[in-house]
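Welcome, and thanks for taking a look.

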Amino acid sequence: MGIFYKVGHGIAWRARRMLGKWHKFYTRKLLYPLTYRRLALHPVDEKKIVFLEVRMPHLTDNFRLIYDKLEAEYDYRLVFCSLGEGLQKRKEVRRNCLHALRELATAKYIFINDSSPLIGCLPMRAQTKVIQVWHACGAFKKFGFSTAEKIFGATKKDLMKYPLHKNFSMVTVSSPEVGWAYAEAFHMEDRMEAIVPAGISRTDVFYQPERIGKAYDKLHRLMPQSKGKKVILYAPTFRGRVAHAKSPDELDMRAMKNALQEEYVLICKHHPFVKERPQIPQECAEFAVDFTEQMEIDELLMVSDICISDYSSLIFEYSLFEKPMIFFAYDLEDYFDWRGFYYDYDDLTPGPVLRTTEEILDYIAHLEERFDRQRVVEFKKKFMSACDGHATERILDMAGIVRK
């Protein structure tokens, strides 16, 4: 019976794989392009701007400042579409894509902040501008064509056949330094002029004192015990693929509490793709909290005194505050094989690369003599020079979007 089960399971797996390949070909080579061509027979609406979220069901902070500024100061019709890629079932994603096509086909401007199989497969009309405001600053872990043949990525042949990064009219980046990495990732080496160091819109909030004040008020309301104490933010990136994303569970919360509870509180912020997050031990409840749902990452960066991360690009945003960073990279070799980095990890990171909780505690205990602020300042100048508090306005100007 075990043999028959294994054979049947193998046949079912192959059948699902074949169905997936057929669905991919049908939607990206036939259904979506042909539907777009039909809908694009209608004239472009010069006043329509579409915000396309590839994964999340809501307008994320990558879009929020741009959307709000357009709504307040410009005369355009703003449309929001969400595809649910990697987070919803195939049938739902297909329905979302067909709905989005009705808006995309006649849009003058399309804002996007992630890789999109839908945008990549369309015979985009020349009158439409597609503006990629990528969801990460700097250039840390590899993505797109840079991961071709890596465990995380697809094959180069597959990326050429089913492009994810096609049709971008403009790509905004956080500094001139990282343009080469985005050109590689988006296969735009022959269009470097389209990759512009306009800055990352969402970083504008870090230059607004009233927002920082509100973030502290929110923190103290949600976590009264944080008043009078320093805040350690633990914000790791996810492991695995988007649909089955997991968060690391290697940080010893009990040891952190025993060593730091008199001076610090610990806040965890897990990646939004992670559905089942590690639990904080009950005995650590007064010291550590999980604010993945309660506070946005920009708010937590504002109120934190130390940031512990691993391979997340949030370190680029955090460098704007010139505060200490710790890199908890206990699985560095595995992660490198899985995805890889654009720069040498040890040379890039503006803080200590540590493997254990004990090393983290030792560093924090000697923070005053070990923290090298100048290293963070140089990192900021290199990777975040275009993030000066005016990125949103600059992006809209460079895109050619005209005010009222």
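## Salt bridges

A salt bridge here is a side-chain nitrogen of Lys or Arg within 4 Å of a carboxyl oxygen of Asp or Glu. By this rule, the count for this predicted model comes to 20 salt bridges. One of them joins the side chains of Arg-55 and Asp-114, at 3.2 Å from N to O. Arg-55 sits in the loop between strand E1 (45–53) and helix H2 (61–73), and Asp-114 in the loop between strand E3 (107–112) and helix H4 (117–121), so this pair ties together parts 59 residues apart in sequence. Asp-114 counts as buried, because its relative accessibility is 9%, under the 20% limit.

Helix H2 also holds a pair of its own: Asp-68 and Arg-64 lie 4 residues apart, about one turn of the helix. Their side chains meet in a salt bridge of 3.1 Å, N to O. Both partners are partly exposed, Asp-68 with a relative accessible area of 29% and Arg-64 at 34% relative accessibility.

Another salt bridge connects the side chains of Arg-277 and Asp-290 (3.1 Å, N to O). This pair links distant parts of the chain, with Arg-277 in the loop between strand E8 (264–268) and strand E9 (288–290), and Asp-290 in strand E9, 13 residues apart.

## Cavity and pocket

How many cavities of 30 Å³ or more does the structure hold? There is 1, and the largest cavity has a volume of about 30 Å³. Its lining consists of Asn-62, Val-133, Trp-134, Ile-200, Ser-201 and Arg-202; by class, that is 3 nonpolar, 2 polar and 1 charged residues.

Helix H13 (357–365) and helix H14 (367–370) each supply at least two lining residues, with the largest share, 3 residues, coming from H14.

## A surface patch and a buried threonine

Phe-25, Leu-30 and Leu-34 form a nonpolar patch on the surface, with about 270 Å² of accessible area together. Leu-30 belongs to helix H1 (residues 2–39) and is partly exposed, at 36% relative accessible area.

Thr-349, by contrast, is buried, with a relative accessible area of 0%. Thr-349 lies in the loop between helix H12 (345–348) and strand E12 (353–354). The C-alpha atoms of Thr-349 and Met-325 are separated by 8.6 Å, with the two residues 24 apart along the chain.

Notes:
Residues numbered from 1 in each chain as written. Predicted model: local features only at pLDDT ≥ 70, side-chain atom pairs only at ≥ 80, totals over all residues. Heavy atoms only, no water. 1 Å grid on protein atoms, 1.4 Å probe; cavity = no way out; pocket = protein on both sides within 12 Å on 5 of 7 lines; lining within 4 Å. Points joined across faces, edges and corners; volume = space filled by probe spheres on them. Nonpolar A, V, L, I, M, F, W, Y, C, P; charged D, E, K, R; others polar. Patch = residues over 30% accessible without salt bridge, like charges linked within 9 Å, V, L, I, M, F, W, Y side chains within 5 Å. Areas by Shrake-Rupley, 256 points an atom, 1.4 Å probe, with all protein chains shown as cover. Buried < 20%, exposed > 50% of the residue type's maximum accessible area, 1.4 Å probe, protein only.
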